[in-house]
Amino acid sequence: MSLNREQMLAEMGITPQWVLRDDARAALEQEETPAPIAEAAASVAVTAVALPVVAGAGEAPVLRPTPAVDGLGWPELQQGIRECSACILCQQRKQAVPGVGDLKPDWLFIGEGPGAEEDVRGEPFVGQAGKLLDAMLASLGIARGEKVYIANAVKCRPPGNRTPEAAEMAACRPWLERQITLLKPKVIVLLGKAAVHSVLGEDKSLAAMRGRRFEHAGIPVAVTYHPAYLLRNLPDKAKAWEDLLFARRLLREAGQSHMFE
Ligand code: URA
């Protein structure tokens, strides 16, 4: 099956109705063919999710240095994150949100930081933006928890869902770095400018960075829009789909290069 551009845009939800078809996985076998997006996204409201913007070079006070993370195993890492008080975000959180998913993932998606629902439930991307992220994963033929790990640049909710300050992301970065080291994903997808700032140290526009291969710790990195942004800018879902296909190509290339190691 191959879709023309108009049909592809419809599948990405730019027309009102997103439909989940039975042959979704079969469609994935065809390179560049957009698989259907899960129907969950059709019911997503477009308000009430903060638009991610680049973090400023804020001066958020660091309460205590982030503990040394080298050598931490997964359980100690999770516990360290839950008990962290390295920046002021710990003061208003209900709980820290380390991440969720497969501990031997192909994909690592990194967002900005927990929102209100994530703060309550202790899992990343469970609110409106999360429904869209799940739909994006479904379009790739993957489900939360299978072959994918989902994390954030900061593990505690910024009050009012504001963008995390640069100093808060810096305080949290050792946790993220240790997660990346332990997870060893084959590809990293950065969702929005905060994640890009945290992982790549770049403040360029996403438009300037999309479709380019970056690397972090030897792992290929692709950049795309944050799902919360996409909820407010529906036409850019088509670009996000292109970015996911690009990331899938990076993943496949990584798989092939491992075969020759
Ligand atoms: N937005 C994010 O960046 N991360 C979440 O976990 C939820 C919303």
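Strand β1 (residues 100-101) pairs with β3 in the antiparallel sense, over two bridges. Within that pairing, Gly 101 has Tyr 149 of β3 as its bridge partner. The model is a predicted one.

β3 has another neighbor. Strand β2 (residues 107-111) pairs with β3 in the parallel sense, over five bridges. Here Trp 107 stands opposite Val 148 of β3.

Now look at β3 itself. Strand β3 covers residues 148-152, and five of its five residues are buried, so the strand is largely enclosed by the rest of the structure. Buried here means under 20% relative accessible area. In a regular strand, side chains alternate between the two faces of the sheet. In β3, Val 148, Ile 150 and Asn 152 point one way. Tyr 149 and Ala 151 point the other way. All of these residues are buried, whichever way they point.

A backbone N or O atom of Glu 112 lies 2.7 Å from a ligand oxygen atom. For Phe 125, a backbone N or O atom lies 2.9 Å from an oxygen atom of the ligand. Gly 113 places a backbone N or O atom 3.0 Å from a ligand nitrogen atom. On its own, the ligand has 230 Å² of accessible area, and the protein covers 91% of that.

Note on methods
Residues are numbered from 1 along each chain as its sequence is written. This is a predicted model: local features need pLDDT of at least 70, side-chain atom pairs count only at pLDDT 80 or more; totals for chains, interfaces and linings use all residues. Side-chain values use heavy atoms; hydrogens and water are left out. Buried means under 20% relative accessible area, exposed over 50%, partly exposed in between (1.4 Å probe, protein chains only). Helices (H or I, at least four residues) and strands (E, at least two) are DSSP runs, numbered from the N terminus. Two strands pair if DSSP finds at least two bridges between them. A polar contact is a pair of N or O atoms within 3.5 Å; within protein, one must be able to donate a hydrogen and the other to accept it, and residues adjacent in sequence count only if both atoms are side-chain atoms. Accessible areas come from the Shrake-Rupley method with a 1.4 Å probe; for residues, only the protein chains shown count as cover.
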